[in-house]
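Open the model in your viewer and keep the selection tool at hand.

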Amino acid sequence: MSVTINWRPTNTKDKHFDGGTSSSLQVLKQTFGQHIGPGDVAALRAMARAANDEFYNEVADTIEHVGEIEIWGSH
């Protein structure tokens, strides 16, 4: 199922990732909760390697650039 995975740093306009699926969103929320921060980058990189899915690297890159983010999905 297609889903837009939205994110935002604190006090900033909402944005969305180019990649990701509803399954990706579910994995992120089950693993990290609604907020993902710099302490989670190594785990995201490991998930990208294990799943062979660059989406998790995209999330990690975003966090390295802006800091903690909040995620949610919309259809």
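This is a predicted model, in which local features need pLDDT of at least 70, side-chain atom pairs count only at pLDDT 80 or more, and totals for chains, interfaces and linings use all residues. Residues are numbered from 1 along each chain as its sequence is written, and side-chain values use heavy atoms, with hydrogens and water left out.

**Stop one: the salt bridges**

Side chains of opposite charge can pair when their charged atoms come close. Here a salt bridge is a side-chain nitrogen of Lys or Arg within 4 Å of a carboxyl oxygen of Asp or Glu. The count by this rule is 2 salt bridges.

Select arginine 45 and aspartate 61. They form a salt bridge, and their closest N and O atoms are 2.7 Å apart. Arginine 45 sits in helix 2 and aspartate 61 in helix 3, so this pair links distant parts of the chain, 16 residues apart. Helices (H or I, at least four residues) and strands (E, at least two) are DSSP runs, numbered from the N terminus.

Glutamate 64 is in helix 3 and arginine 45 in helix 2, so the pair ties together parts 19 residues apart in sequence. Show all three residues at once: salt bridges with shared partners join Arg45, Asp61 and Glu64 into one network.

Is glutamate 64 buried or exposed? It is exposed, with a relative accessible area of 53%. Aspartate 61 is partly exposed, at 42% relative accessibility. The cut-offs are under 20% relative accessible area for buried, over 50% for exposed, and partly exposed in between (1.4 Å probe, protein chains only).

**Stop two: the loop**

Go to asparagine 52. It lies in the loop between helix 2 (41-51) and helix 3 (55-66). Most residues other than glycine have a negative phi. Asparagine 52 is exposed, with a relative accessible area of 72%.

**Stop three: the whole chain**

Zoom out and colour by secondary structure. The protein has 3 helices and 4 strands. From the N terminus on, the order is β-β-α-β-α-α-β.

Of the 75 residues, 39% count as buried. Finally, display contacts (heavy atoms within 4.5 Å). Among those with a separation of 6 or more, 59% are between residues 24 or more positions apart.
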